[in-house]
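The tour below concerns charged pairs.

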Amino acid sequence: MQRLFRVQLASTQAGPQQPAWCWVQEVESSGSALVRPLVGTAHPSLVRRPTTEGLSAGQLVLWRGDHSTPVPRWLATWDARSRALRVFAGRSPASGRPRYRGWQPDDLTERNQLPSDAPAFLLDLGWDTPAPQPRLTDDLGPPVANPRATQHMAAERVAVPRRASSTPTPAPADARLILRVLTGRYVLRHAPLERRQPVVIGRNAQFATLVLHHHQISRAHTKVRLDAGGRVWVSDMGSTNGTQVNGVVVEGEVTCHPGDVIGVGPLLLRLEYASPAEEERLTRITNLEPGADRDPLTRLLLPKHLAEHLPESLRPGFRDGGSDPDAPPLWGLLLYIDRLAAIHAQHGEQVADGVFAVASRLLQNASADPMAVVRVGYGEVLVPFVGGDEADARRETQRLIDEISDHPWEAPVRKLSFTAAVGQKLPDEGASDWLARIRRALQQGRSKQGRGQIYQ
């Protein structure tokens, strides 16, 4: 992108009919704009030109005579303060903010948000997109149906997992039906089903109640409603990439049962029962925000803050050793994502970070205390386990591995495997020594015996 702009600017020639790169300094109420040509022009001062609707100060424009072609503001702008062109350079891996690069290699700055003209695929913000507030159907307005037939998607649809056999029927007394997202960065986001309010899934908050920003999801993609008799109905709203129930394309309106998997474009959601406690857990996990005690990528706890989430009897001697003799045993279950470095090398940082973030969120949901799950290293997650003996710790570790391994994963990842190590914290052992001992056992076990095992 920088090379393209450099060549274009350098080749611009003076003349009224020749193309000239300019930046808009001011848009006047009379319908004209004060612009300053940049390179290769005999008019270094401000020039008044007729403008088209939508131009704004700071925008880069290619002018040929009276015809102007504006450059989208999210792509490139002219910084009047530094007198330099700034070009979009992706998102920061740490903060997720858009980055813009100047001419110098080290001239890289971040902005809080993208301009409003950014395309939909750049607005897939993952964790940072807040859950929409529930609204009545009348407030949504009429969704615009897309008359085109279902097309082949740019990204492969995730394979539909096997139907949930553990879903209770009939429903538990204190549970209600919810739609829970299974794949993508919105994993675990959910929406309850109510008779007065159908759930509309889409990427635009103007038309949808469950908003999933994804460039292959339509503004109003799928509608799921609960009728007076307690039956659930699913219909496609004229989307481009279609809707499926258990892998079968939806035509018209079809029934859906607890445990069924709904495909909305490339993403999967499951219809299931959830108790108030389970809904509260999902909400706590999906609403976690980065902070001084949490990792910005995964929202997992940082190691030095683990003591704050342990039982009171384990806190006094946690860091430096020593403990209450009546305190329960504390085990560390350290899980490592196999081949995460290979995924990073083969498919890039964004894919590997997405896998790590989704796996971390799933481990939080599967653990006894989701707020106490710790990020140790890249691909390493520590789950504290209070009480029990070594056999109990191994069973809990295997349960976590099985639950995450059976989860559907987006292409190019088909399946994840984990290697784990368990270790009990000794009474006279500091927290750093305890964690180092578990990591050492994990590394030694992997080097000697291979992956996919549980070591101590």
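A residue counts as partly exposed when its relative accessible area lies between the buried limit, under 20%, and the exposed limit, over 50%. By this criterion Glu253 is partly exposed, at 34%. The model is a predicted one.

Begin by selecting Glu253 together with Arg225: their side chains form a salt bridge, with an N to O distance of 2.7 Å. Arg225 belongs to strand S14 (residues 222-226) and Glu253 to strand S18 (residues 253-256), so this pair ties together parts that are 28 residues apart in sequence. Arg225 is likewise partly exposed, with a relative accessible area of 29%.

Next, select Arg176 and Glu279. Their side chains also meet in a salt bridge, at 2.7 Å from N to O. Because Arg176 lies in strand S10 (residues 176-181) and Glu279 in helix H3 (residues 276-286), the contact ties together parts that are 103 residues apart in sequence.

Remain on helix H3 and select Glu280 and Arg284, which are four residues apart and separated by about one helical turn. Their side chains form a salt bridge of 3.8 Å, N to O. Glu280 is partly exposed at 44% relative accessibility, and Arg284 is partly exposed at 39%.

Finally, display the salt bridges of the whole structure, of which a search finds 17.

Conventions:
Residues numbered from 1 in each chain as written. Predicted model: local features only at pLDDT ≥ 70, side-chain atom pairs only at ≥ 80, totals over all residues. Heavy atoms only, no water. Salt bridge = Lys/Arg side-chain N within 4 Å of Asp/Glu carboxyl O. Helix = DSSP H or I, 4+ residues; strand = E, 2+ residues; numbered from the N terminus. Buried < 20%, exposed > 50% of the residue type's maximum accessible area, 1.4 Å probe, protein only.
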